[in-house]
Amino acid sequence: MDSYSTHHSNWRWHVPETFNIGDAVCTRHAHNPALRDKPAIWWENDVGDTASITYGELDARAHALQAQLRALGVTRGDNIAIALPQRIETAIAHIAVYRLGAVAVPLTVLFGPDALEYRLANAEVVVLIGNDMSIANVATIRARLPMLRAVIGIESLGDAPLSHSSVAETLPTVNTRAADPALIIYTSGTTGPPKGALLPHRALIGNLSGMVYSHNLFPQPGDVFWSPADWAWTGGLIDALLPCLYFGVPIVGYQGRFDPVKSFELMAKYRVRNTFLFPTALKAMMKALPEPRLHYDLQLRSIMAAGEAVGETVYAWSRDALGVTLNEMFGQTELNYIVGNCNTAWPSKPGAMGRGYPGHKVGVIDAAGNPVQPGETGEVALRRTNDHGEADPVFFLNYWKNERATTEKYTGDWCRTGDVARIDADGYLWYEGRSD
């Protein structure tokens, strides 16, 4: 049954004037007796260490880090780098930074000194929170980073260890507006130096539509989420960690290299029902275990795939071997989670990117900014307002210290993605390449 038009016409944005991601994903749950003692994150690593944390514990540890950052002089608007893998401390760091009104700059631990130096200097980061791997790389360039006042370590390195102490008096959350900056996420820089996309607190709200539909009307009772996507990137942070915490759904964090067999073990062990997998990961899993349900008791009910085209072979394997018709998704850091499928609400077409998710006015436009006709090719773009005339909260604010690139991103009210697609008569988009 195709109920797309109903979902699209009924979706409305209700964005409060004041909104803080830290409060939305943690504080309100910690104050809710029904969720306070529920698991927020289950964690393990590749040597068998395990841990878990409830929303109440997450709240307390975030308050301790808030106090530690405040003692270092961190104030509203300061940029704080978080160079951590999938760990409980990653969530703690994000929550603490947002509640201080500061701006989080997530960085993958896989970055070497040169990549770190560019981003830390460009973002004018004043404090870095990292593990031994990222801190060791920062140590080789620190003399060239005069803005960097302190490095907090979660393992053995750093100027000071991450605080675990309880604080007698918790710091209140800074009264941030929904439009205030919350995140700087650097693009991959495939066509030039990486650009820092500055995202507001409201961008989390703007991503919720895609999360709901790409995971078949998420959340449902019993949902548990896992994805190998790095929590330093948009795919792991805004397509997994933050929306799961927002909805009060437990998420599994795994610190280790991607392994297809381990992926099945994790999903069976934690009874994972929802996952985001790159097509490359799905191909590796298909090759390693063509019939996984003969070996593992899997509980999957939704799979979102993004980053590249899935292809008919993987699409059919997911449906037949995993029992789930996957939902493809398209987006980018600047305007994420805007196109995709939801097989619960509308049928997917194998190979198609999907339709514009409810809440978003997605178009395929020509060079002048005019929507093309069905069957024609143009650039995928997102209009500032949806069909109800409401401002779409998913938009980034600007590129950090790059006004020219920000201006060039827009044609009138349309924000261009740089991706070329064909649109069919049913509103499905078919990817054809990059405009650049």
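Student: At roughly what angle do the axes of helix 2 (residues 21–30) and helix 8 (residues 234–247) cross?

Tutor: This is a predicted model in which local features need pLDDT of at least 70 and side-chain atom pairs count only at pLDDT 80 or more, while totals for chains, interfaces and linings use all residues. Residues are numbered from 1 along each chain as its sequence is written, and side-chain values use heavy atoms, with hydrogens and water left out. Helices (H or I, at least four residues) and strands (E, at least two) are DSSP runs numbered from the N terminus, and axes are lines fitted to C-alpha atoms, for helices over the stretch in contact, with angles from 0 to 180 degrees between N-to-C directions. The axes of helix 2 and helix 8 come within 8 Å of each other, and they cross at roughly 40°.

Student: How is the orientation of helix 2 and helix 8 to each other classed, and which hand does their crossing have?

Tutor: Angles under 35 degrees count as roughly parallel, over 145 as roughly antiparallel, 65 to 115 as roughly perpendicular and the rest as oblique, and helix 2 and helix 8 are therefore oblique to each other. A crossing is left-handed if the near helix is turned anticlockwise from the far one by less than a right angle, and right-handed if clockwise. For helix 2 and helix 8 the crossing is left-handed.

Student: How many nonpolar, polar and charged residues does the contact of helix 2 with helix 8 have?

Tutor: Taking contact as heavy atoms within 4.5 Å, helix 2 contributes Ile21, Ala24, Val25, Arg28 and His29, and helix 8 contributes Leu242, Leu245 and Tyr246. Ala, Val, Leu, Ile, Met, Phe, Trp, Tyr, Cys and Pro count as nonpolar, Asp, Glu, Lys and Arg as charged, and the others, Gly among them, as polar. By class, the contact of helix 2 with helix 8 has six nonpolar, one polar and one charged.

Student: Which elements do the buried residues of helix 2 pack against?

Tutor: Buried means under 20% relative accessible area, exposed over 50% and partly exposed in between (1.4 Å probe, protein chains only). Eight of the ten residues of helix 2 are buried, so helix 2 is largely enclosed by the rest of the structure, and the buried residues are Ile21, Gly22, Ala24, Val25, Cys26, Thr27, His29 and Ala30. Those buried residues pack against helix 3, helix 4 (88–99), strand 8 (181–186), helix 7 (203–214) and helix 8.

Student: Which residues of helix 3 does helix 2 meet?

Tutor: Helix 2 and helix 3 pack with their axes 8 Å apart at an angle of about 115°, and that makes helix 2 roughly perpendicular to helix 3. The crossing of these two helices is left-handed. Val25, Cys26, Thr27, His29 and Ala30 in helix 2 meet, in helix 3, Tyr55, Gly56, Leu58 and Asp59.

Student: In which sense do strand 14 and strand 15 pair?

Tutor: Five of the six residues of strand 14 (residues 327–332) are buried, so this strand is largely enclosed by the rest of the structure. Strand 13 (residues 302–305) pairs with strand 14 in the parallel sense over two bridges, with Ala305 opposite Glu328. A hairpin of two residues joins strand 14 to strand 15, and Gln332 stands opposite Leu335 in strand 15. Over three bridges, strand 14 and strand 15 (residues 335–340) pair in a sense that is antiparallel.

Student: What is the omega of the peptide bond from Phe218 to Pro219?

Tutor: Pro219 lies in the loop between helix 7 and strand 10, where Leu217 is also placed, and phi of Leu217 is near 65°, a positive value in a residue other than glycine. The peptide bond from Phe218 to Pro219 is cis, with omega near -5°.

Key. Pairing = 2+ DSSP bridges.
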